[in-house]
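Please keep the structure open as you read.

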Amino acid sequence: MTINLRNNEAAVRESRLGSITAYSGTLQDLGNQSCNGCLSEKSRCFSQASNCNSMCALNQAARINDVAIVHHGPSGCAATAMDVPNTWGLLAETLGKSRENFAWTCTDMKESDTVFGAIDDLKEAIIETYNRYKPKAIFIGASCVSGVIGEDLESVIDDLKNEVPIPIAPIHCEGFKSQIWASGFDATFHAILKYIVKPPKTKSNKVNVINFAGGTTWDSRGDVKRLLNALGVEPTFFLASSTVEELKKMSEAIATISTCSTLSSYIGNGLEKQYGVPYIRSLQPHGVVGYEDWARKLAQVLNKEKKVETFLSKEKEFYQPKIDAVVEKLKGKRAMIAMGPGFGVNYARILQSFGMTVEHLSVWHFDKQNDDGQLPSAFAYQLEYSDNNFTFSVNDLQNFEYLNILNNVLPDILITRHAGTTVWSSKIGIPALNVFDEYTSFGYKGTLRFAQGILFAITNRSFTDNLAKRVRLPYKQWWLKQPADTFLD
Ligand code: SF4
């Protein structure tokens, strides 16, 4: 187990899990290298800008409704805060929750601070933020600058304990420390586990549901609730629109379950190790196989196996014939997938269950193990059951590589989870479907929705065709014809 709460910070994924950001090969080759312990990072002699892990870390923390973030860095780093008021404010509004105590402030470090330090400015910013907004906890967001000059963020906790009587939790998400932005998930969950979660006083009937937004597009929270209620338990959704009070009680939950193993590995394993809360290690609840595995593994822990079968069979009876009717029209279609590693391998399984051929899977990084030392279960499933040994690449949003692959694969459809990736596909005339909402293919209902979405995208091509005719690509034909791994050592 790679989690140690005595440390001030989570080790980054590269060193903790042996994760990589550059690979070009096949599913089975990647599996062999991962299992034999010989998977190593390749380097690029050229690369485009990617994401900073502090963006990932602090955006996670910003989902909590009653906390404040004091970003200890130059104001440029705090551009990370840009989409926070819209996205998470809107979600809270939709759910009828309050965010009046939320704030994101910044110490605006300057050049002189890199010489003299700025810990006093940080203390002043924390006190001011507390007095103005009265949050229930304050996260200190580290930056490259605070990290390089070695600011002692932990010293602030003791120094301010009388003036700021709430938890203060440093998040060590200095951008230079990791090339993998998902390290930011772990940085935030480490701070939550170390400084916010309290030892259990009792055991509740709550299940910690770790998800990204817990979207409201399709009453997804309602769908999860209906399943969990049938098993006699209640969900608490983290981190979007959660509260500090709910975080404190994560240790009292009866289990932890998640919609994404990349997101939840650290907190799920951490809660299990520290407080004995069982972490459900299942496939993600996407597609029929994933949903059934998710529901059954949870039911096993709750000793509700019969109840789950009754619930599933009723739902399946209604949706499966509808799914089959749509899927009939998708058989034989060729697909490429480009998304994060957790979702990518799960979506490969769904497309194969539709009778489609996955030609290529491109993921933003690859974890050869989770925090329990096990191969991620959806990847293990692919190694065992995939119909073909599809080509596989790992690139951290390197569009120049990814567009090259797409241009060579020329699938009938590209499935993505990030808008910036989707648009490139449309520009070269390949229909794309963006499954940004993590509940797009949740359960039987979501599987039907996803299959219908693919059918719609494939059969309504006029937008993509017209766009491709009018767009001038920044890439020349000679580049598009080269092998995609040209820049990999
Ligand atoms: S933390 Fe570092 S990498 Fe991230 S935005 Fe700031 S300077 Fe850039």
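The notes below go through the cavities, the ligand shell and one serine.

This is a predicted model, in which local features need pLDDT of at least 70, side-chain atom pairs count only at pLDDT 80 or more, and totals for chains, interfaces and linings use all residues. Residues are numbered from 1 along each chain as its sequence is written, and side-chain values use heavy atoms, with hydrogens and water left out.

**Largest cavity**

- Two cavities of 30 Å³ or more are present in the structure (a cavity is a set of points, on a 1 Å grid over the protein atoms alone, where a 1.4 Å probe fits but cannot get out; lining residues have an atom within 4 Å of a point).
- The largest cavity holds about 150 Å³ of space, a volume being the space filled by probe spheres set on the points, which are joined across faces, edges and corners.
- It is lined by 18 residues, and those closest to its centre are Ser 261, Pro 341, Gly 342, Val 345 and Pro 376.
- At least two lining residues come from each of helix H12 (261-275), helix H15 (341-353) and helix H16 (377-385), where helices are DSSP runs (H or I, at least four residues) numbered from the N terminus.
- H15 gives the most to this lining, with four residues.
- The largest cavity lies between domain 2 (206-313) and domain 3 (317-487), because both give residues to its lining; the domain bounds come from an automatic or database domain assignment.
- Its lining has nine nonpolar, eight polar and one charged residues (Ala, Val, Leu, Ile, Met, Phe, Trp, Tyr, Cys and Pro count as nonpolar, Asp, Glu, Lys and Arg as charged, and the others, Gly among them, as polar).

**Second largest cavity**

- The second largest cavity has a volume of about 60 Å³.
- Its lining includes Glu 9, Asn 53, His 172, Lys 177, Ser 183 and Asp 186.
- By class, the lining of the second largest cavity has five nonpolar, three polar and three charged residues.
- Helix H9 (residues 183-196) gives the most to this lining, with three residues.

**Ser 183**

- Ser 183 sits in helix H9 and also lines the second largest cavity.
- With a relative accessible area of 6%, Ser 183 is buried (under 20%, using a 1.4 Å probe and protein chains only).
- The Ser 183 side chain reaches the backbone nitrogen of Arg 13 at 3.1 Å.

**Ligand shell**

- Around the ligand are Cys 52, Ser 54, Cys 77, Ser 143, Cys 144 and Gly 175, each with a heavy atom within 4 Å of it.
- This shell divides into three nonpolar, three polar and no charged residues.

Technical notes:
On a 1 Å grid over the protein atoms alone, a cavity is a set of points where a 1.4 Å probe fits but cannot get out, and a pocket is an open set with protein on both sides within 12 Å along at least five of seven lines; lining residues have an atom within 4 Å of a point. Buried means under 20% relative accessible area, exposed over 50%, partly exposed in between (1.4 Å probe, protein chains only). A polar contact is a pair of N or O atoms within 3.5 Å; within protein, one must be able to donate a hydrogen and the other to accept it, and residues adjacent in sequence count only if both atoms are side-chain atoms.
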